Amino acid sequence: MQVLEKKIIFVGGKGGVGKSTSAAAIAWKSANEGNRTLLISTDPAHNLGDIFDRSIGGSITNVSEKLFALEIDPEKETDDYIKGVKDSIKNVVHSSMMEEVHRQLDTAKSSPGADEAALFDKLISIILEESDNYDKLIFDTAPTGHTIRLLSLPELMGVWIEGMLKKRQKTNDNYTQLLNDGEPVEDPIYDVLKVRQERFSRAREILLDGNMTGFVFVINPERLPITETEKAIKLLDQYHLHVKTLIVNKILPKNADGDFLLQRKGHEQQYMDMIEETFAKQEKIYVPLFPHDIINREHLETFSHYYGEAQTEL
Ligand SMILES: Nc1ncnc2c1ncn2[C@@H]1O[C@H](COP(=O)(O)OP(=O)(O)OP(=O)(O)O)[C@@H](O)[C@H]1O
Ligand SMILES: [Mg+2]
């Protein structure tokens, strides 16, 4: 599986198709092959802890020799994020304004998009600061729409910050002229924004570097996951993020017997055909439906055996 060679792997897809399971299995395989691996869940409704039978939470937890896991809590990240903003403006905003500014920030905390911005900030921190500590970073993401917004944020935020910087530059230039001493005015806000812009653009470069970062979508042989993923792949293409690998999960096994299952299997074939047609360009990994949920390490081990060479048939 080509994508397994990448340093950073994002696993996306519609709700319930098997993203967390697949991300855990990819991480499991990677760690067993000797890579120091960090598995990161960005899904507010996590279940990595269930699979590894250990509570994971907001700090990096060792789950097996070379495997580490982290569950990002968006609420905590938002709190930390707002705290960080408050700290960074302490010396910038006049004390008489502070109360009002804090009030505004506290309102911002519960506004739509705040969780995502904070999550995104954390994601960037992990990509920039943990890359050197691990051979592989595997991101288990929340259902499709969320992933796309998250991955398109560098571009959107980049544009937004660019605009802010230009505005401040203009104001500062006016001030300089007004003061008429030719000295550029000091502007800590400009400096803070500039640092953020540099972090964004470094993260963006990494996300866009196809040698470094890979995107995997998980689907099931059913109509909705197929159509939703088709749209998602097109959208991500527009952001120059190219999904090259699909995991087709929960395929009825060949040896399914009984009239009911045989009928289902026949029905499934039309979706398998649709997958071949719709995703002709993507490398595909086929994983069968197991008779049980994937809830422990043994299951994960079996599951990850399917990530060998790309197969054509199950
Ligand atoms: N191939 C499979 N065979 C049997 N059960 C599976 C298989 N793949 C995943 N499951 C089970 O399906 C359920 C959903 O899987 P998982 O939690 O990985 O999906 P998800 O896409 O992460 O869901 P969410 O969108 O809620 O985050 C779990 O109970 C998991 O154990
Ligand atoms: Mg999940």
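Helices (H or I, at least four residues) and strands (E, at least two) are DSSP runs, numbered from the N terminus. A pocket, on a 1 Å grid over the protein atoms alone, is an open set of points where a 1.4 Å probe fits, with protein on both sides within 12 Å along at least five of seven lines, and its lining residues have an atom within 4 Å of a point. This is a predicted model, where local features need pLDDT of at least 70, side-chain atom pairs count only at pLDDT 80 or more, and totals for chains, interfaces and linings use all residues. Residues are numbered from 1 along each chain as its sequence is written, chains are lettered from A and ligands numbered from 1 in the order in which they are written, and side-chain values use heavy atoms, with hydrogens and water left out.

Let's start with the largest pocket. About 880 Å³ of space lies in it, a volume being the space filled by probe spheres set on grid points joined across faces, edges and corners. Of its 32 lining residues, Tyr81, Val85, Trp160, Leu193 and Arg196 are the closest to the centre. Two or more lining residues come from each of α3 (74-89), α4 (95-109), α5 (114-130), α6 (144-179) and α7 (188-208). The top contributor to this lining is α3, with 8 residues. The lining has 19 nonpolar, 6 polar and 7 charged residues; here Ala, Val, Leu, Ile, Met, Phe, Trp, Tyr, Cys and Pro count as nonpolar, Asp, Glu, Lys and Arg as charged, and the others, Gly among them, as polar.

Now for the ligand. Ligand 1 takes up the second largest pocket, in the sense that more than half of its atoms lie within 2 Å of the pocket's grid points. That pocket holds about 460 Å³ of space. Its lining counts 21 residues, with Gly16, Gly18, Thr21, Asn47 and Lys250 closest to the centre. Helix α1 gives the most to this lining, 3 residues.

Around ligand 1 itself there are 20 residues, and Lys19, Ser20, Thr21, Asn249 and Ile294 come nearest (near means a heavy atom within 4 Å). As for polar contacts (pairs of N or O atoms within 3.5 Å), a polar backbone atom of glycine 18 is 3.0 Å from a ligand 1 oxygen, and one of serine 20 is 2.8 Å from an oxygen of ligand 1. Lysine 250 uses a polar side-chain atom, 3.2 Å from a ligand 1 oxygen. Taken alone, ligand 1 exposes 640 Å², of which the protein buries 83% (Shrake-Rupley areas with a 1.4 Å probe).

Note on methods:
Polar contact = N/O pair within 3.5 Å; in protein donor to acceptor, adjacent residues only side chain to side chain.
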